Each structure stands twice: as C-alpha cells, then as structure tokens.
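Please read the following account alongside the sequence and the model. It begins with the chain as a whole and then turns to pairs of helices, cores and loops.

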Amino acid sequence: MSLELDINAGIKAAMLGKKEAELRALRAIKAAILVAKTAEGGSGELSAAEELKLLQKLAKQRRDSLEIFRAQQREDLAVKEEEELAVIERFLPQQMSEAELRTAITGIIAATGASSPADMGKVMGVATKQLAGKADGKVISELSKKLLSL
C-alpha cells in the first residue's frame, strides 16, 4: 500500500476519532505529497525512496522548529510540533540506536580509509546513502566528526 493511501486512511480515522493533532500532521503530509507529485517535471507518482525523503524532510522541519520554539520558551508551539513529529515518525523506518550507528559509522570510516576530520566529506557521502532513513543526518554528522577526531 502506498504512503498516500495510508495517509488518506489515517485522515479518515483521525476525523472519526476527533484527533486534532494527528489530523493536522496527516494533512501536512498529504499536502507535501501533492506538492511533490505536481512539481515541475514530476511524473505524478512518487517512488518509495522519494516518499521516504519527503517524510524525512517533514520530520527534520518539525525537529528544527521544536528546537527554536523551546529556545524561545514557546512551549505551546513546541507541543504542537512534538505531536506532529510523533505522527510523521510512525511512517518512517525504525531509527538506529546510538550503538548501532557508532558501529556502522566506524565500519564506513574503515572502508573509506578516512583518518582525520579532513576526510569528513568521504565518510558523510557514504554514510548518508547507507543510513538513509535509519538515522538523522545531523546525528550522523556529529558522530562522524567525533569518531574522526579521536
């Protein structure tokens, strides 16, 4: 079943259950899907990889907003972002634990022959492809930097 069908079914269920936060998040996902499908040069259909990328983008936007709202002590807005993020994350693959991520990045560093922070680009190029959808890019970057500087 495609993401769009899952979202439409979720919207109906959220409407029936009067779940405002869930409905808001699902409608945001549906809007993003429609924009992506009708974007210039778009074929009208999204591949599974494109759907995953779209969901990751939406989740990242929510995390960034959440961080900003917390810094500005706007807990009312932070709660809304947190609720939407939780709904979006239901459609994303299971995220790797820090131990699993550390093991994967250590393997990538060994495979690329990286030895210093100057080789960060090599590591990130491979890591973002291999770990797409399994870990946040910011976390991958921070851990890679930490491991390369040891």
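Of the 150 residues of the protein chain, 33% count as buried; here buried means under 20% relative accessible area, exposed means over 50%, and partly exposed lies in between, with a 1.4 Å probe and protein chains only. This is a predicted model, in which local features need pLDDT of at least 70 and side-chain atom pairs count only at pLDDT 80 or more, while totals for chains, interfaces and linings use all residues. Residues are numbered from 1 along each chain as its sequence is written, and side-chain values use heavy atoms, with hydrogens and water left out.

The secondary structure of the protein chain comes to 7 helices and 0 strands, where helices (H or I, at least four residues) and strands (E, at least two) are DSSP runs numbered from the N terminus. Read from the N terminus on, the elements run α-α-α-α-α-α-α. Taken along the principal axes, the C-alpha atoms fill a box of roughly 55 × 40 × 25 Å. Among the contacts (heavy atoms within 4.5 Å) with a separation of 6 or more, 60% are accounted for by residues 24 or more positions apart.

The axes are lines fitted to C-alpha atoms, for helices over the stretch in contact, and angles run from 0 to 180 degrees between N-to-C directions. The crossing of H1 and H2 is left-handed, a term used if the near helix is turned anticlockwise from the far one by less than a right angle, with right-handed used if clockwise. On the H1 side, the residues that meet H2 include Ile7, Gly10, Ile11 and Ala14, and their partners in H2 include Leu23, Leu26, Ile29 and Ile33. By class, this contact of H1 with H2 has 10 nonpolar, 2 polar and 5 charged residues. In this count Ala, Val, Leu, Ile, Met, Phe, Trp, Tyr, Cys and Pro are nonpolar, Asp, Glu, Lys and Arg are charged, and the others, Gly among them, are polar.

Which residues touch the most other members of the largest nonpolar core? Of its 19 residues, they are Ile7, Leu26, Ile29, Ile33, Leu55 and Ile88. A nonpolar core is a set of buried Ala, Val, Leu, Ile, Met, Phe, Trp, Tyr and Cys residues joined through side-chain atoms within 4.5 Å. H1, H2, H3 (48-71) and H4 (75-90) each supply at least two residues of this core, and H2 gives the most, with 6 residues. Leu26 touches Ile7, Gly10, Ile11, Ala14, Val87 and Phe91, not counting residues up to four places away in sequence. Apart from this core lies another, of 15 residues, among them Ile109, Met124, Ala127 and Ala135. In soluble globular proteins, nonpolar side chains tend to be buried together.

A second pair of helices is H5 (residues 98-112) and H7 (residues 137-148), with axes that come within 10 Å and cross at roughly 60 degrees. H5 and H7 are therefore oblique to each other, and H5 passes H7 in a right-handed crossing. Leu101, Ile105 and Ile109 are among the H5 residues in this contact, and Val139, Ile140 and Leu143 are among those in H7. By class, the contact of H5 with H7 has 8 nonpolar, 2 polar and 3 charged residues.

The loops remain. Lys18 lies in the loop between H1 and H2 and, at 75% relative accessibility, counts as exposed. Lys18 has a positive phi of about 55 degrees although it is not a glycine. Gln73, found in the loop between H3 and H4, also has a positive phi, near 55 degrees, and counts as exposed at 72% relative accessibility. Most residues other than glycine have a negative phi.

Glu45 lies in the loop between H2 and H3 and is exposed, with a relative accessible area of 58%. Glu45 touches Lys37 and Glu50, not counting residues up to four places away in sequence. Met96, in the loop between H4 and H5, is partly exposed at 23% relative accessible area. With the same exclusion of residues up to four places away in sequence, Met96 touches Leu101, Ala104, Leu131 and Lys134.

Methods. Angles under 35 degrees count as roughly parallel, over 145 as roughly antiparallel, 65 to 115 as roughly perpendicular and the rest as oblique.
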